[in-house]
Amino acid sequence: VVGAGLRAQRLPVRTGKEAMLGKIITALERIDSQHGKVFIEGELWNAVSDAPIEKGQPVEIVAVTGLTLKVKPKA
C-alpha cells in the first residue's frame with residue numbers, strides 16, 4: 001500500500017491549472033487583451049491574449065491568473 005502511494009505521487013498532474021497549461025482549445029468568441037471566452041474541461045473561462053484571436057480559432061493556454069486564462073494563437 002505504501003509503495004502504491006509513493007508511485008501515485010510521482011505521476012504527472014492531471015487536474016488543476018498545471019494540467020491546463022499547453023492545452024489547445026477553440027475560442028468561443030473574439031479574444032483580445034481585455035476579454036474573451038473559452039470552454040475547457042466542462043467550464044467556461046475568461047481569456048485574454050496579446051494578439052487578437054477570432055472566434056473559432058485554435059488557441060494554446062500559456063498561463064492561468066485567477067479565473068482568467070492567458071492564451072496565444074496556435075499556428
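Predicted model: local features only at pLDDT ≥ 70, side-chain atom pairs only at ≥ 80, totals over all residues.
Residues are numbered from 1 along each chain as its sequence is written, and side-chain values use heavy atoms, with hydrogens and water left out.

**View 1**
Along the sequence the order is α-α-β-β-β-β-β. Helices (H or I, at least four residues) and strands (E, at least two) are DSSP runs, numbered from the N terminus. The radius of gyration is 15 Å, well over the 11 Å that the globule rule gives for 75 residues, so the protein is more spread out than a compact globule. This radius is taken over C-alpha atoms, and the rule is 2.2 Å times the number of residues to the power 0.38. The C-alpha trace spans about 50 × 25 × 20 Å along its principal axes. Of the 75 residues, 25% count as buried; buried means under 20% relative accessible area, exposed over 50%, and partly exposed in between (1.4 Å probe, protein chains only).

**View 2. Ser49 sits in the loop between strand 3 (43–48) and strand 4 (58–65).**
Ser49 has 3% relative accessibility and therefore counts as buried. Its side chain reaches the backbone oxygen of Val71 at 3.2 Å. Apart from neighbours within four places in sequence, Ser49 is in contact (heavy atoms within 4.5 Å) with Ile31, Asp32, Ser33, Val71, Lys72 and Pro73.

**View 3. Asp32 lies in the loop between strand 1 (24–26) and strand 2 (37–40).**
The side chains of Asp32 and Arg30 are joined by a polar contact of 3.4 Å. A polar contact is a pair of N or O atoms within 3.5 Å; within protein, one must be able to donate a hydrogen and the other to accept it, and residues adjacent in sequence count only if both atoms are side-chain atoms. Leaving out neighbours within four places in sequence, Asp32 is in contact with Ala47, Val48 and Ser49.

**View 4. Val62 belongs to strand 4.**
With a relative accessible area of 38%, Val62 is partly exposed. Val62 and Gly22 are 40 residues apart along the chain, and their C-alpha atoms are separated by 6.0 Å. Not counting residues up to four places away in sequence, Val62 touches Leu21, Lys70, Val71 and Lys72.
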